[in-house]
Amino acid sequence: MLQDIAEHASRSGGRLVVVGILHQSFEQYAARAARDARQEWAKVQGRFHDIAFLTGADETVALLGRAISCARHPENAETNALAVANAVALRRPTEVEILSHALADTWPLNPVTALLLGPVSRARFAQNERSVFGFLSSAEPAGFQEFLQATEVGDATYDPARLWDYLASNFGMALAGGNDGNRFSLAFEAIERAAVKGGDVHVALTKAAAVIEFFRNGSGLALADDILVQAVPGIDPDHRRDAIADLLDWAVLIRQPRLKGYALFAGSDFDLEDAIGRSVAPIDTAQLEGIPQRVGFGFATAKRHYFVTGALRTFEIGLHLAGANDTADSIAASILAKPARGSGTLALILGDGSVGQAEIEPLCKAIAKLLKKSGRVVAVGGAVDSFALRSSAAELIAVERVFRDHPQLEGDRIARREIAARQSQCIDVLHRTLEAALETAKWSLAPRPGKVLREPLALIASALADAGYPSAPILKSELLQRDRPSSNSMAALRDLAHAMVGRLGSPHLGMTGYPAELGLYLTVVRPFGLHREIEPGRFDFAEPDDSIQGMSLQPAWAVIDSVGDHNLEEVYAQWGKPPYGIKAGVMPVLALAYMLAKRDTVAVYIDGVFQTAIDDVAVDKLLQRPADFRLRRIDRSVRETAFLSGLAVHFGVDHQGASLPVAQALFRRFEALPTFASRTNRLSEDTRLVRRVVLKSSDPEAMLFDDLPAAFGERLTPDLIVGALAECEASYPALLDELRTALARSLGVDAASFTGVGERAAITHGLTNDYNFEAFADRAAALEAGSGDIEGLVSILLHRPAHGWSDRDREQALTEVARYGRRFRELEALAIVRDRRSHTEALALVVGLDPLTPPLMRSFVLTEKEKKDAAGLAERVLKTLGADRNDRRMQLAALARAVASLAAEDDQDEAEAA
């Protein structure tokens, strides 16, 4: 517009005169623009004639004196003001008395500082007199108000060194990045060297020299001894001279004999502007790729979406150039080729100069329609002012190229400081330019490409999040609603999961007080109605309710139903993608709630093995390796339902049409069998077949309705299965009864009470050094006392625990019981040799029938009970033989033949047992 106005004025023949009143220099209006924009602005400025309206330094001092009110001045204020006025009079015409009074009225400003404020206010980073009075009243760091508050009443003044601190603190980047950036970098470097090598006086002199060097024009000041005396007051003259000499020796200052003063040492002759001008080149999409991250604008946050759903979603900002040869397909392919970061992408399309703004908008719509097919969450926007953004990015890249391609910068600290300040300025300009481009762009959303939006960036990000993740559940948990929860959050998640499987029937899962896991329950589980009171007094897990939160979870809940035989890790991956976008931290809670809510209709497998119950071990595996979990829905036919109902009646299970509770009950009963019962072959063929099918099955549905029908065909009934289970469960108790009876028979006692074994065991104690026998005797005695069990006794004889017994162990156990019982009775009979009272009777029998064969000899031991039984049997035998004393010979012959027959039968039994 200004260019057009200047053209009309120049062609009007003097009939049109344009007068503009500016509050700062013309070029300062474009100071924050990119380099190319500043050059274009300078061309416009050349069409106008500048008439500067500047107040003199003396006028500024007079204004300061009127603005500063002070009840009284210290005695030296007039003296110092007169000294400075005389020093100024040596360098420019002035009324010494008037200037002296004006400088004295500015106390507590140092007279040198008062003279410098005028030139400072006219610098390019300030705004004329408004900055003078702004300096007096503002509370900026190192400013005048801070000095008044921090300084006690006395002779102290606001010296030039403090003025330098004020400029560096508030305008440091503007100073170092402006046209005089080289000089300011030189001053910063000089002050740093003075601080390293000297003390406070050296630093104060260097700061005063720097501020005088920069702003002395028009003030009448010079970097000379008479000015430095007043600029740094309160110092011994000898100390001041020595400090100045040190600064000269360190090359911080150099002498200027012609001016009878000093100057800052110029340590760098690197021309940064020329180097940048030669390095500027057109940019491409590859160079633009990392620009948003480098200027601190890498991601945009969907704030409104976060407030509504609780999910924090950030979208990466990407820049893409569009030229005359680029098509929607090529740009879409370029966007898709970049790996996805965050929740999606905000792609800003810039014209390269060959494409106009009118062509960018339809191009963005076409790109959005193509991206919709890919499923990526992308918003495509067209920049309104592509030139400003391109030129700002080109200048930043040029500055970085200068720093990288000029080795002479390695030894030039001044130039490095200047280029660092210029880089910082370029980043600041590019950040503002990019922000403006994003805020004013017209956006097309790939999930909904029909509508063009022109809203602030935060609203665009939220609109993209809503469109890209329409099925996201409303889940507001700061601890778990993230992809990488903290260690404390994971500990609370673990405690919550254990409570879910251990106390699912209690309100609030039995949690009291205010633990972190209760907070997770209240924010992740209860809002969806996943754990609620099913009926009065009974709490359990259930499917999401019909509340707003519960309905928002139902689409994600249905994913598990539809994945088939895929593992949970694949479910997690689908949950994390659009349109759900669930964060990884909450996935284990939702998956566990699903398994608990549908435990009657969904079978859970870990590493391919069916789980009869979801316990603490399963929870730990779920949190560590979700890929090991697989879920499967269960369905059945009419006949299968009848079979299922019959089993449910036998097991007392309220299955409500679900097969999983019945299969779990059956599997648990078989799984709980002792090892012997699961191994023995001393069962019927049908029982062994049922046991093998159940224990080898990993799928409850296949076990009930595939494997068992295949094994039995039409013979399969609930009674057959229940009978087989009963036979298996009775096999181990029957074994224990058999072993107990065999032990009682070998010891000659009653199998029910083992009466007398304890006293008999005490008699045999210590008669042998066989510790295994001693342990046998002790455990046999414990059976009488009621504190022992047959399993422990037989385990000693077999040297094998009871849980490892098999059929071969049964046979060996019967043999060992008989052998140890016989030895027990033998030792008991010999107890009298050791002067111990014996409860047994040792007998020996010799019978000879045939002279050609050796006689039969038998010896045995009878217990007290057996002696009584033998006496009764003898009485019955005698009654049978009769009481005729004349036939004794025949009676004895009959007894001898009877004994021989009994002995022969005993030999046959022993042979069969062997």
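**View 1. Ile349 and Gly382 are bridge partners, the latter in strand E6.** Leu348 likewise has its partner in E6, at Gly381. Strand E5 (residues 344-351) and strand E6 (residues 378-382) run parallel and share five bridges. Two strands count as paired if DSSP finds at least two bridges between them. Helices (H or I, at least four residues) and strands (E, at least two) are DSSP runs, numbered from the N terminus. The model is predicted: local features need pLDDT of at least 70, side-chain atom pairs count only at pLDDT 80 or more, and totals for chains, interfaces and linings use all residues. Residues are numbered from 1 along each chain as its sequence is written, and side-chain values use heavy atoms, with hydrogens and water left out.

**View 2. Six strands form an open sheet with mixed pairing.** The strand order is E3-E4-E5-E6-E7-E8. Strand E3 (299-301) and strand E8 (452-453) are the edges, each pairing on one side only. Helix H19 (residues 357-372) packs on this sheet. H19 touches strand E4 (314-322), E5, E6, strand E7 (442-445) and E8. Its direction makes about 170° with that of E6. Helix H20 (residues 386-405) also packs on the sheet, touching E4 and E5. The direction of H20 makes about 100° with that of E5. Axes are lines fitted to C-alpha atoms, for helices over the stretch in contact, and angles run from 0 to 180 degrees between N-to-C directions.

**View 3. Strand E6 is covered on both faces.** Val378, Val380 and Gly382 lie on one side. Ala379 and Gly381 lie on the other. In a regular strand, side chains alternate between the two faces of the sheet. Across the protein, buried residues make up 45% of the 914 residues.

**View 4. Strands E9 and E10 form a hairpin with two residues between them.** Strand E9 (residues 531-535) and strand E10 (residues 538-541) run antiparallel, joined by four bridges. Arg532 stands opposite Asp540 in E10. Gly537 takes a positive phi near 85°.

**View 5. Helices H35 and H36 pack with a left-handed crossing.** Left-handed means that the near helix is turned anticlockwise from the far one by less than a right angle; clockwise is right-handed. Helix H35 (residues 757-764) and helix H36 (residues 771-785) meet at about 160°, with axes 8 Å apart. H35 is therefore roughly antiparallel to H36. Angles over 145 degrees count as roughly antiparallel, under 35 as roughly parallel, 65 to 115 as roughly perpendicular and the rest as oblique. H35 contributes Val757, Gly758, Glu759, Ala761 and Thr764 to the contact. H36 contributes Phe773, Glu774, Ala777, Ala780, Ala781 and Glu784. Contact means heavy atoms within 4.5 Å. The contact residues divide into six nonpolar, two polar and three charged. Ala, Val, Leu, Ile, Met, Phe, Trp, Tyr, Cys and Pro count as nonpolar, Asp, Glu, Lys and Arg as charged, and the others, Gly among them, as polar.

**View 6. Helices H34 and H37 are roughly perpendicular to each other.** The axes of helix H34 (residues 718-747) and helix H37 (residues 790-798) come within 10 Å and cross at roughly 75°. From H34, the contact takes Tyr732, Leu736, Leu739, Arg740 and Leu743. From H37 come Ile790, Glu791, Leu793 and Val794. Seven of these residues are nonpolar, none polar and two charged.

Methods:
Buried means under 20% relative accessible area, exposed over 50%, partly exposed in between (1.4 Å probe, protein chains only).
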